[in-house]
Amino acid sequence: MRVEAVELRTIRLPLVAPFRTGGGSLTERPLVTVRVLTTEGEGWGECAALPEPTYTAEHVTGARAVLRDHLVPRLVGVDLDGPESVAECLRAVVGHPMATAALELAVLDAHLGAVGASLARALGGTATTVPSGVAVGLFDDVSRLVDTVAAFVEQGYRRVKLKVEPGWDTKPVAAVRERWPDLALQVDANGAYAGGDAGALDGLDHLGLLLIEQPLATDDLLGHAALARVLRTPICLDESISSDATLAVALALGSCSVVNLKAGRVGGYLAARRLAEQCQSAGVAVWCGGMIESGIGRAANLALASHPAFTLAGDLSASRRFFARDVVTEPAVLNTDGTIDVPAGPGLGVTIDAASLAAVTESVELVAAGD
Ligand code: NPG
């Protein structure tokens with residue numbers, strides 16, 4: 001197959017409520033979508049990069065530039081054996097895993113759409129529904145947090161993840177635990193305890209949490225291993241696990257016993273499956289992380305999470321948790337049993353809603369061979 005042209009589009013999706021993390025408060029979700037025009041038909045991908053480089057070094061404008069100027073030119077016009085050849089074509093580009101993942105996903109969608117196979121099956125997925133987890137951002141006061149969690153529990157979510165940081169940890173999390181003694185509850189620090197604040201985590205260690213996610217800095221695998229030796233609550237890594245090599249070191253050191261896998265962070269859905277299977281072989285629990293994806297990326301995450309290596313509920317909430325209107329005609333919805341259906345159709349298994357997409361499009365360009 002050959003990619004003949006690639007459409008890069010920046011869209012801005014309004015959020016139904018602000019989502020506050022250590023990197024700031026989001027009231028909309030700008031993101032880059034990728035549409036590839038190939039000899040086998042068209043395919044769609046989505047780049048997980050945030051508007052600012054506050055989660056990892058990638059960000060929306062940078063990802064779009066790297067796609068336009070460095071990744072797409074290496075792919076357009078090249079004879080590919082299939083989607084698995086994309087990573088090799090792009091290997092010369094250092095870094096930019098989210099941008100790379102978006103382009104590879106679009107080629108996967110085009111090829112699988114042409115052969116009539118679902119992304120879930122292509123990734124070794126077996127489940128037809130996956131357990132849904134919802135992520136809750138930082139708040140200024142505990143009552144607002146409790147009200148927000150109450151609404152999600154009422155909607156049917158069975159697993160809640162709370163953002164924490166120094167000064168916003170034991171008190172709010174204990175309040176949620178006190179209100180819902182049996183709720184599946186976990187916390188995500190996004191590395192906020194790096195500066196020697198790890199002692200504050202002791203207060204979280206007796207709250208029956210499923211895990212504490214990424215308490216220390218991305219590169220502090222030794223620090224996480226030391227923390228894992230003193231805390232009862234399992235340590236989960238997110239930002240730290242960027243490749244096969246970092247996963248191997250984290251497991252060898254005992255830096256984590258749970259992994260949050262995000263295809264964008266590790267360079268694509270094929271790499272994510274490979275890492276998930278490495279975790280499975282090592283007996284390490286895995287769940288699928290989220291980056292406030294539109295229905296495009298959300299469908300791909302649901303496909304990935306249907307693989308048997310994914311043993312814990314992921315950050316895979318319904319579309320309406322973030323958006324009043326999605327860019328696909330089948331936005332993810334929460335089933336009454338707290339699960340979400342895995343798209344079963346060819347490729348991503350969702351259809352682009354052209355009118356919705358146009359309504360949130362900020363800019364679009366076509367990059368063709370010879371540009
Ligand atoms: O449900 O898609 C979602 C969001 C899940 O909280 C979530 N993601 O670090 O994993 C993370 C976190 C995040 C999202 C962090 C956006 C920063 C910005």
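This is a predicted model: local features need pLDDT of at least 70, side-chain atom pairs count only at pLDDT 80 or more; totals for chains, interfaces and linings use all residues.
Which residues is Arg35 in contact with, leaving aside its neighbours within four places in sequence?

Setting aside the neighbours within four places in sequence, the contacts of Arg35 are Ala5, Val6 and Glu7, and then Glu42, Gly43 and Trp44. With Glu42 there is also a polar contact, side chain to side chain, at 2.7 Å. Is Arg35 buried or exposed? Its relative accessibility is 18%, so Arg35 counts as buried, because the cut-off for buried is under 20%.

Next, a residue in a loop. Pro53 sits between β3, residues 41-47, and α1, residues 60-75. Pro53 has a relative accessibility of 49% and therefore counts as partly exposed; exposed would require over 50%. When residues up to four places away in sequence are not counted, Pro53 touches Glu58 and His59. If you want a distance to check on your screen, take the C-alpha atoms of Pro53 and Met98: they are 12 Å apart, and the two residues are 45 residues apart along the chain.

Now the domains. The assignment gives domain 1, made up of 3-116 + 350-368, and domain 2, which is 121-341. Taken over C-alpha atoms, the domain centres are separated by 23 Å. How many residues of each domain are in contact with the other? On the domain 1 side there are 38, and on the domain 2 side 41. The size of an interface is often given as the accessible area lost when the parts come together.

Last, the largest pocket. Its volume is about 510 Å³. The lining consists of 33 residues, and those closest to the pocket centre are Phe19, Thr21, Leu50, Lys163 and Met291. Which elements give two or more residues to this lining? They are β1 (3-21), β2 (24-38), β5 (133-136) and β6 (159-163).

By class, the lining of the largest pocket splits into eleven nonpolar, twelve polar and ten charged residues. Domain 1 and domain 2 each supply at least three residues to that lining.

To recap on the two residues: Arg35 counts as buried, and Pro53 as partly exposed. That's the end of my part.

Methods
Residues are numbered from 1 along each chain as its sequence is written. Side-chain values use heavy atoms; hydrogens and water are left out. Helices (H or I, at least four residues) and strands (E, at least two) are DSSP runs, numbered from the N terminus. Buried means under 20% relative accessible area, exposed over 50%, partly exposed in between (1.4 Å probe, protein chains only). Contact means heavy atoms within 4.5 Å. On a 1 Å grid over the protein atoms alone, a cavity is a set of points where a 1.4 Å probe fits but cannot get out, and a pocket is an open set with protein on both sides within 12 Å along at least five of seven lines; lining residues have an atom within 4 Å of a point. Grid points are joined across faces, edges and corners, and a volume is the space filled by probe spheres set on the points. Ala, Val, Leu, Ile, Met, Phe, Trp, Tyr, Cys and Pro count as nonpolar, Asp, Glu, Lys and Arg as charged, and the others, Gly among them, as polar. Domain bounds come from an automatic or database domain assignment. A polar contact is a pair of N or O atoms within 3.5 Å; within protein, one must be able to donate a hydrogen and the other to accept it, and residues adjacent in sequence count only if both atoms are side-chain atoms.
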